[in-house]
Amino acid sequence: MSTVIRKLIVKEFHVNRVIVAGATVGGVLSILIAALGNVGFSIGSLMWITTIIANGVMLALYGVMNERKERSLLFVLSLPLSIPEYVRAKMLGLALCFFLPWLVATVAAIVLVLAKGDVPDGMVPYVVLLSVYMLANFLVLLCWTLHTTSEAWISAAIVLTNMCVSIYMFVVGALPGLQDHTHGPVPVWNQTALTILAVELAVIALAFTLPFFLAARRRDFI
């Protein structure tokens with residue numbers, strides 16, 4: 001990895017530091033609220049999901065879309081940097097900016113489920129699957145944002161990916177292989193849960209690597 005790429009990755013953290021810090025604090029705060037009782041659990045859970053989703057949307061908007069609008073991308077590409085190197089730095093930088101608050105929020109949610117007596121431990125697989133799905137959701141959005149310069153298409157992708165989170169929660173949560181064990185005393189990683197997890201990881205791998213082969217080859221990147 002070249003020095004320029006490393007500096008661009010650090011730049012992503014510096015530029016998005018408020019978003020990253022806000023998402024991290026929001027993720028932890030939502031779990032603390034969820035630990036206050038039944039009402040708190042409902043409010044905290046909604047806040048937890050919203051924080052992770054909002055973090056991804058803000059990073060896609062300000063990390064890619066806003067950079068184009070302010071024409072700062074012209075300056076970046078004037079550096080001794082090829083388009084493939086720019087795409088690599090952008091993907092790694094924004095993925096890390098999302099991953100760190102996401103990891104804190106995910107670990108905090110798992111700890112809450114295991115530590116809170118009135119929340120069944122059987123919810124752990126569902127929490128993990130939902131969290132991994134939101135990671136995949138962000139990478140799909142980031143991948144799409146890097147592949148199009150149309151604000152309308154990017155806005156449509158944001159709306160669609162946000163809607164898909166709610167659809168995922170209802171559809172996947174209702175699957176017998178998960179629903180039958182969600183209220184159980186122990187986490188159950190059966191074939192249903194592992195299959196869903198495998199699909200999510202495959203989507204993550206595809207969305208993360210696709211820009212290196214497609215967006216990086218574009219000549220009209222701006």
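Ala, Val, Leu, Ile, Met, Phe, Trp, Tyr, Cys and Pro are here classed as nonpolar, Asp, Glu, Lys and Arg as charged, and the others, Gly among them, as polar. The model is predicted: local features need pLDDT of at least 70 and side-chain atom pairs count only at pLDDT 80 or more, while totals for chains, interfaces and linings use all residues. Residues are numbered from 1 along each chain as its sequence is written, and side-chain values use heavy atoms, with hydrogens and water left out.

**Overall architecture**

The protein chain contains nine helices and zero strands, where helices (H or I, at least four residues) and strands (E, at least two) are DSSP runs numbered from the N terminus. Of its 222 residues, 46% are buried, a term that denotes under 20% relative accessible area with a 1.4 Å probe and protein chains only (exposed is over 50%, partly exposed in between). Contact is defined as heavy atoms within 4.5 Å. Among contacts between residues at least 6 apart in sequence, 79% join residues at least 24 apart.

**Nonpolar core**

A nonpolar core is a set of buried Ala, Val, Leu, Ile, Met, Phe, Trp, Tyr and Cys residues joined through side-chain atoms within 4.5 Å. The largest such core has 58 residues, and Trp 48 and Met 134 touch the most other members. At least two residues come from each of α2, α3, α5, α6, α7 and α9 (191-213), and α6 contributes the most, with 17 residues. Beyond four places in sequence, the residues touched by Trp 48 include Gly 27, Ala 105, Val 127 and Met 134.

**Pocket and cavities**

Both kinds of space are found on a 1 Å grid over the protein atoms alone: a cavity is a set of points where a 1.4 Å probe fits but cannot get out, a pocket is an open set with protein on both sides within 12 Å along at least five of seven lines, and lining residues have an atom within 4 Å of a point. Grid points are joined across faces, edges and corners, and a volume is the space filled by probe spheres set on the points. The structure holds four cavities of 30 Å³ or more.

| Space | Volume | Lining by class |
|---|---|---|
| Largest pocket | About 420 Å³ | 13 nonpolar, five polar, no charged |
| Largest cavity | About 90 Å³ | Eight nonpolar, four polar, no charged |
| Second largest cavity | About 50 Å³ | Four nonpolar, four polar, no charged |

The largest pocket is lined by 18 residues, with Phe 41, Ser 45, Met 123, Tyr 126 and Val 127 nearest its centre. The largest share of this lining, four residues, belongs to α3. Tyr 126 also lines the second largest cavity, together with residues including Gly 122, His 181 and Val 188. In that second cavity, α8 provides the largest share of the lining, four residues.

Met 134, Asn 137, Thr 161, Asn 162 and Val 165 are among the residues that line the largest cavity. Asn 137 is located in helix α6 and counts as buried because its relative accessibility is 11%. A polar atom of the Asn 137 side chain lies 3.1 Å from the backbone oxygen of Thr 161. Leaving aside neighbours within four places in sequence, Asn 137 is in contact with Thr 161, Asn 162 and Val 165.

Asn 55 is placed in helix α3 and is buried, with a relative accessible area of 4%. Not counting residues up to four places away in sequence, Asn 55 touches Ile 19, Ala 23, Cys 97, Phe 98 and Pro 101.

Terms used: A polar contact is a pair of N or O atoms within 3.5 Å; within protein, one must be able to donate a hydrogen and the other to accept it, and residues adjacent in sequence count only if both atoms are side-chain atoms.
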